[in-house]
Structure formats: structure tokens, C-alpha cells
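Q: I would like to go through this structure with you. Could we take it topic by topic?

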Amino acid sequence: MQKRMNKLSENLLDKFSMEFLRSQVLKNAYGNDDTVIAALDPRILIVWYLFFGLVPWFVDALPFLLGCFLLVMVTTLLARVAGLVLFLFGVGVFSQTGYLFLATLLFGGDASAIAPLLVLTLKVATISLASVTVFSGLDPDRLSNGLMWFGCPERLSFSISYAYRMLPMLMEEFQNVLLSYRLRGNPPAHETFMGKVRYLIYQIRIIMESFYPLMLNTAKRSRTTVEALELRGYRYAAANKSVKKIKLAALKVSYNDLLFLAVSFLWVAVSILFCALL
Amino acid sequence: MNAAQKQSATQSQKLMIFVLSMSLYGLATLFTELIPKFQLGLVELSVEYFLFIPLTLAILFDPLSAALGAATGELVFSEIMLGQFGGLGELEKFLTVTIGVYIAGRMVRDPSNRAMVGLAAITGTAAQLAMGTLVDIAKVQFAVEDFEAVAGLPESVFATEGFAFLNDLLFSGILFCLLPTLYLVPRLYGKIEPLLGMAPRTAASAVAGLSPKALVVCALGFVCAVLAELAATAGMSLIDWEAEWAESGTALALGMVTAAAVAVAALLVAKKNSERNVTR
């Protein structure tokens with residue numbers, strides 16, 4: 001039994017290695033270009049998201065909320081979102097409302113607290129799943145183009161494209177710096193409880209310290225980036241209308257997009273019908 | 001180099017600071033989003049605030065660019081990339097992080113003054129946390145219907161939020177904001193500026209100093225954050241969705257269903273037609 005437990009915790013630790021995190025994030029960003037959701041027009045998806053990201057907050061009718069939740073669940077499945085993101089979603093929903101329920105019980109509340117909290121949970125879950133669908137289902141470049149079409153500041157769409165390109169490199173660099181600190185360091189023994197605490201502090205200190213070389217390296221890199229951007233006239237292009245037009249010319253609304261909207265609308269209408277009937 | 005150039009960063013230097021702060025803080029928040037939290041009894045030892053990164057940068061460089069970059073980095077790396085984007089509610093986090101880091105950056109006149117750096121770091125963190133706590137309390141009060149009716153809920157919200165604030169300030173604030181900032185600022189001062197092609201910040205430079213105008217702008221920003229959060233959670237009085245359906249009842253809903261069904265059918269036919277045209 002003890003052995004099995006050890007093995008299980010080892011497996012879990014393996015799962016949470018740096019490599020795993022990196023591959024999951026990359027998979028989330030670039031791994032699913034061929035899904036139904038990724039092929040849709042980003043502008044349509046953003047409009048769709050605006051509905052499912054806002055309306056559930058304002059509605060308390062249970063059938064409607066359930067209907068919305070089922071719909072966004074299906075779209076999340078269609079987008080084939082990475083497992084880690086779904087896990088984080090679960091943790092996030094629990095930490096938003098689940099702990100509140102426990103605290104309510106602690107302060108002398110009873111089971112009557114469940115109903116309003118259930119509604120709240122349903123709302124939170126629907127909204128987060130809608131955002132998971134749109135923001136993990138879409139290619140970053142398409143997403144930033146869509147945002148730009150709606151007049152979001154150029155800085156934001158630049159940041160999105162830049163983040164997705166740079167993140168793998170940054171993570172690798174951070175890992176390298178961290179490993180070199182570990183190689184040179186001498187971790188305290190961690191058999192006893194105090195040793196474990198000291199070990200934890202040691203680990204945290206190493207992470208903090210490794211930001212020092214990382215900051216210097218990133219400063220150098222960001223200077224190179226900005227200089228390269230300036231050479232191509234980035235700051236003028238960002239403000240120029242005709243450049244924007246050329247950039248956004250690739251966006252096209254197809255029948256699939258309209259069909260997606262219509263099916264969502266049909267589903268929502270059916271759930272409203274249920275509300276009216278009940 | 002003349003005095004005017006020394007005093008404030010040029011546009012492209014501001015962009016450099018923005019990119020630097022964005023990528024570093026974004027990377028850090030991505031980890032905090034992924035790393036599970038440690039629970040030591042009641043005390044939650046979360047690595048929640050890597051806020052020392054933007055704090056350090058805001059103290060060393062132009063505060064506004066560093067603050068905006070950090071907030072954008074958090075938004076893009078940990079919210080949008082992981083698909084955790086919370087819509088309008090994210091505006092609150094964006095604004096509170098910006099304000100907290102900006103205040104800290106403006107407070108420091110001379111980065112080589114350690115006491116000032118420490119005070120600024122803890123003030124910025126406290127400001128950000130306090131704003132977040134206030135917004136959270138307001139949010140739960142509005143989001144849960146008949147808030148007062150649920151036994152034990154109001155007290156529990158105040159208690160958990162107040163405790164979380166103190167916990168965050170004392171543990172995350174000191175461990176992850178104050179100490180690393182105190183460690184990093186003196187070491188980076190004078191070393192990192194040449195990499196961005198600028199002169200180190202001194203007591204004489206114009207960026208420092210917290211003016212009343214900046215404070216007013218920060219207060220306005222906080223009001224915006226509260227409004228955005230409340231609009232995101234409690235817009236029931238703004239838009240009366242429910243009443244509309246309740247009155248019109250089944251007929252309207254039926255009409256909507258039919259309209260939607262017709263739209264789906266029409267689109268399917270149109271799609272078929274267009275595909276046939278292409279193949280022909």
C-alpha cells in the first residue's frame with residue numbers, strides 16, 4: 001500500500017514537471033487548428049462569447065442557465081481544449097463558490113445555502129467555459145485579428161501574438177536558469193519536518209533569485225524586439241488605417257459561421273421556451 | 001545627453017519597458033495559475049503574487065509603462081492563453097494591478113534608497129490587495145440573490161475576505177513582494193538600464209514623486225474598476241431580461257424557436273447550394 005502511494009505521488013509529480021506544463025500550454029495554443037471551433041470566424045466567435053459571457057450573469061432562471069451550460073460544454077468538447085485547462089477550470093469554479101459554501105456551513109448556515117450557490121456556480125461555470133471555448137479554441141493570430149477588427153487597441157493584439165510566440169522561449173530560458181541555480185546550489189536535507197520547511201524556503205528563494213538573470217536577459221531581448229519593430233515602422237503602422245485594412249482582409253464570414261450562430265440561437269430559444277413553460 | 005532626454009523615456013523605450021514587464025510578469029502569473037497552492041492549516045501559502053517583478057521594474061523605469069505592461073501580461077498570458085478570460089470582470093484586476101504598481105513606482109524618488117523602496121513595495125501591494133478585497137465583497141453581495149436571507153453567508157463573506165486580505169498581505173506581501181523587491185532593486189540598479197539604452201533613475205529625474213493629480217487619476221481608475229465589476233455581476237437593474245420574458249410568455253419563446261429553426265434550415269440549404277455551385 002505504502003509503495004503504491006509512493007508510486008502514485010511520483011506519477012503526479014512527473015505529470016507536473018516543467019516539460020508537461022510547457023507542452024500543455026503549447027498544445028492549447030497551437031495544437032488544435034483543425035477543430036470546428038478553430039475554423040470559425042473570430043469576429044463571430046467574439047460576438048457569441050459576448051452573449052454567453054455576459055447574459056448568464058443577469059439571468060436567474062434555472063432552465064436557461066442549464067441550457068447555456070450544456071451548450072458551452074458541447075462547444076468546449078468541440079474545441080478539444082487541453083486537459084490541464086479543463087482541470088484549472090474545475091479548480092477555479094470550486095475555489096470561487098465551493099469554499100464559500102464550506103465557510104457558510106462553518107458560520108452556522110445550513111443546506112438552504114445550497115440553492116443560491118448552485119445558481120452562482122452554474123453562472124460561473126457557463127461563463128468560464130464560454131471563454132475557454134473562444135480563447136483556447138482559436139488560433140492566437142486569428143484571435144488578435146478578430147479583436148483588432150472590433151477596434152481593440154493595437155497594443156493588446158500585439159501582446160497576444162507576441163506572448164504566444166515568446167512564451168515557449170521564455171519558459172525554456174527560465175527552466176535553464178533554474179536548473180543552473182539548482183546545479184550550483186546545495187539543497188538542505190529534507191527528511192524531517194523542519195528540513196522540509198527549509199527545503200521549501202530554499203526552493204522559493206531559488207525561484208526568486210533566478211529572476212535576476214532572467215530580468216537582465218529579457219531586458220536585452222525586449223530591446224532587440226522593439227528595435228526590430230521600429231525598423232519596420234511598427235508604431236506608424238499601428239496607427240495607420242490602410243495597414244489595418246490589409247491585415248484584416250483575410251477575415252471572411254462563411255455559411256458555417258452563420259450556421260453556428262443560428263444553432264446556438266435555436267438552443268437558447270428552446271431553453272427560453274422551457275423557462276416560459278415551467 | 002541633455003537634461004530633457006534624461007528625465008523621461010522616449011516612446012520606443014516606453015515600448016521596451018512595456019514588453020519587458022509584460023513578458024516577465026506574464027510568465028510568472030502563468031506559473032502561479034498552474035502551480036497548486038500550499039495549504040498550511042488555515043494559512044494559505046499561495047505563490048499568488050509575483051508582483052515583485054512589475055514593482056521592481058516600476059521603481060527602476062517609467063512607472064506607467066511598467067504597470068500597464070504587467071497588467072496586460074497577466075491578462076494575455078494567464079487569462080487569455082489559458083482560456084480563463086472572465087469578461088468584464090478582468091477589467092477590475094487590470095486596473096487594480098495597474099494602480100498598485102503605478103503608485104509604488106511613483107513613490108520612489110531614488111531607487112538606491114532602500115527604506116523608500118521597501119515602503120513603496122509594501123504600499124503598492126497593500127493598495128492592490130485592498131482594492132481587490134473591496135471589489136470582492138461588493139461582488140458577492142450583489143451576485144447572490146437575497147444575500148441577507150441566506151443564514152451565515154454575510155458574516156462568512158466578510159470574514160473570509162478580510163482574512164484573505166491579511167493573509168495575503170502578511171505572507172504573500174512580505175515573502176513575495178517586499179523581500180524580492182528589496183533584493184532585486186539594488187542589484188539591478190545601474191545594470192539593467194544600459195541594456196535598454198537609458199540612464200539610471202536618480203532623485204533629480206522628473207518621473208518620481210506622487211502628485212495629487214496622479215492620486216486623483218488612480219482614484220478614478222478604482223471607481224471604474226468597481227463599476228466594471230458590479231456591471232459584470234449585478235446588471236439586473238440595468239437590463240431587465242427576466243421581466244420581458246415573463247410577460248410575453250410562451251408565444252414569444254415559441255416565435256423565437258421557430259425563427260431560429262427556420263434560420264438554421266435556410267442556412268443549411270444555402271450552404272448545400274453554394275457547395276454544389278463550387279463543385280460544378
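The conversation below turns to secondary structure, domains and annotated spans.

A: Please note at the outset that this is a predicted model, in which local features need pLDDT of at least 70 and side-chain atom pairs count only at pLDDT 80 or more, while totals for chains, interfaces and linings use all residues. Residues are numbered from 1 along each chain as its sequence is written, and chains are lettered from A and ligands numbered from 1 in the order in which they are written.

Q: How many helices and strands does chain A have?

A: Chain A has 13 helices and 0 strands. Both are DSSP runs numbered from the N terminus: helices are H or I of at least four residues, and strands are E of at least two.

Q: What percentage of chain A is buried?

A: Of the 278 residues in chain A, 34% are buried. A residue is buried if 20 or more other C-beta atoms lie within 10 Å of its own, exposed if 12 or fewer, and partly exposed in between, with C-beta atoms placed from the backbone.

Q: Which residues are buried in helix 4 of chain A?

A: They include A:Trp48, A:Tyr49, A:Phe52 and A:Trp57, along with A:Pro42 and A:Pro56.

Q: How far apart are the end C-alpha atoms of that helix?

A: They are 25 Å apart, which agrees with the 24 Å that the 17 residues of helix 4 (residues 42–58) should span at 1.5 Å a residue. The expected span is 1.5 Å times one less than the number of residues.

Q: Changing topic, how is chain A divided into domains?

A: Domain 1 of chain A is 20–138 + 253–278 and domain 2 is 152–239, with bounds from an automatic or database domain assignment. Their C-alpha centres lie 31 Å apart.

Q: How many residues does each domain give to the contact?

A: Domain 1 of chain A and domain 2 of chain A give 4 residues each. Two residues are in contact if their C-beta atoms, placed from the backbone, lie within 7 Å.

Q: Where does UniProt place the transmembrane region in chain A?

A: The unreviewed UniProt entry gives residues 46–72, 84–107, 113–135 and 258–277 of chain A; such annotations may be inferred rather than shown by experiment.

Q: What is the helix content of residues 46–72 of chain A?

A: That span is 89% helix and 0% strand, and its end C-alpha atoms lie 14 Å apart. Residues 258–277 of chain A are 100% helix, with end C-alpha atoms 28 Å apart.
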